[in-house]
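Please keep the structure open while reading.

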Amino acid sequence: MHVELLSDSNRGSGGNYTLSPAARNHTGVYMCRGERGEPAFHTQYSNPQPLWITGESPPISLIINPNRTQHFTNDSLSLSCEDQSTSTGWTVRRYTHSDGGSDCSRWGSVTGSTCKISSLSTSYTGVYWCESESGENSNPVNITVHDGDVILESPVHPETEGHPLTLRCLYRYTNSSNLRADFYKDGSVLQNQSTGEMIIYNVSKSDDGFYHCKHPERGESPKSWVSVRASGPSGVEAPFSVLMLISSVVTASPYLLVTIILLVKCYRARAHTDEERIENAVIEE
């Protein structure tokens, strides 16, 4: 493993390092180690931590099938790089603790810009993304492969504010949704003994956090980070709802109807007055 010391790393910083301002070229895998004494005595390196700096939405997305971030061992998985115009020239890559960074040709089957994995193991847990020949990257996705009996189904990509968020507790070898489960956010219970599904109907940034579910007998799922992106100018603007349009029309309908009736009555009254004036003018002549 090749490790490069950050040129501006400060040994006297008390274990802190700041990227200011953060930029795309800071994307990478970071680790740290302690040092003391003369001659210097070093500790072992910490676990590597991938850090991804993103700006505007990239032109391509990583599409995962099944569409969730947690998967059971021995399951199959398909990862595709999809663009509105073309997906040629893109490769699925990953970073894991076991083998560092590599592309799909080393651990999966490549067909065009799609990577297929026939049988998952826990060593496949890591960060996955799409990379172009010119070095462009999609937003990354954390994928967790679990050897237990319970996983959490949560959105792969950030959910937009105001939209519903659905979480499900899935069980190995069981397709039934009637199994009960507790849902947790950041370690605190959100919903007790539900039917395996929890819906937050109007998510906001305060719903960001680590979620997991637990079955009293089958065990609990790993934790997954769920992110909520802002709507409007600072984020992705939520689409105008057809229901909102219908609601607005229905609400305005009584006022609109009264206005039309008054306009018609005024028009008829004015027309009747004009007819009377014409008749009177004819009589006088």
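## Terms and model

A residue is called buried under 20% relative accessible area, exposed over 50%, and partly exposed in between. The model is predicted.

How many aromatic pairs does the count come to? The count comes to two.

## Trp107 and Tyr128

Trp107 and Tyr128 make an edge-to-face pair. Their ring centres are 5.6 Å apart, with 85° between the planes. The pair links distant parts of the chain, 21 residues apart. Trp107 sits in the loop between strand S9 (100–103) and strand S10 (109–111). Tyr128 belongs to strand S12 (residues 126–132).

## Phe210 and Trp225

Phe210 and Trp225 also pair edge-to-face, because their planes lie at 70°. The ring centres are 5.0 Å apart. Phe210 is in strand S20 (residues 209–215), and Trp225 is in strand S22 (residues 224–226). The pair therefore ties together parts that are 15 residues apart in sequence.

Here the accessibility values fall in the in-between class. Phe210 has 40% relative accessibility, so Phe210 counts as partly exposed. Trp225 has a relative accessible area of 44%, so Trp225 is partly exposed. The cut-off for exposed is over 50%.

## A charge over a ring

Which residue lies over the face of Tyr124? Arg94 does, at 4.6 Å from the ring centre.

Methods: Residues numbered from 1 in each chain as written. Predicted model: local features only at pLDDT ≥ 70, side-chain atom pairs only at ≥ 80, totals over all residues. Heavy atoms only, no water. Phe/Tyr/Trp six-rings, centres within 6.5 Å; stacked < 30°, edge-to-face > 60°. Helix = DSSP H or I, 4+ residues; strand = E, 2+ residues; numbered from the N terminus. Buried < 20%, exposed > 50% of the residue type's maximum accessible area, 1.4 Å probe, protein only. Lys NZ or Arg CZ within 6 Å of the ring centre and 35° of its normal.
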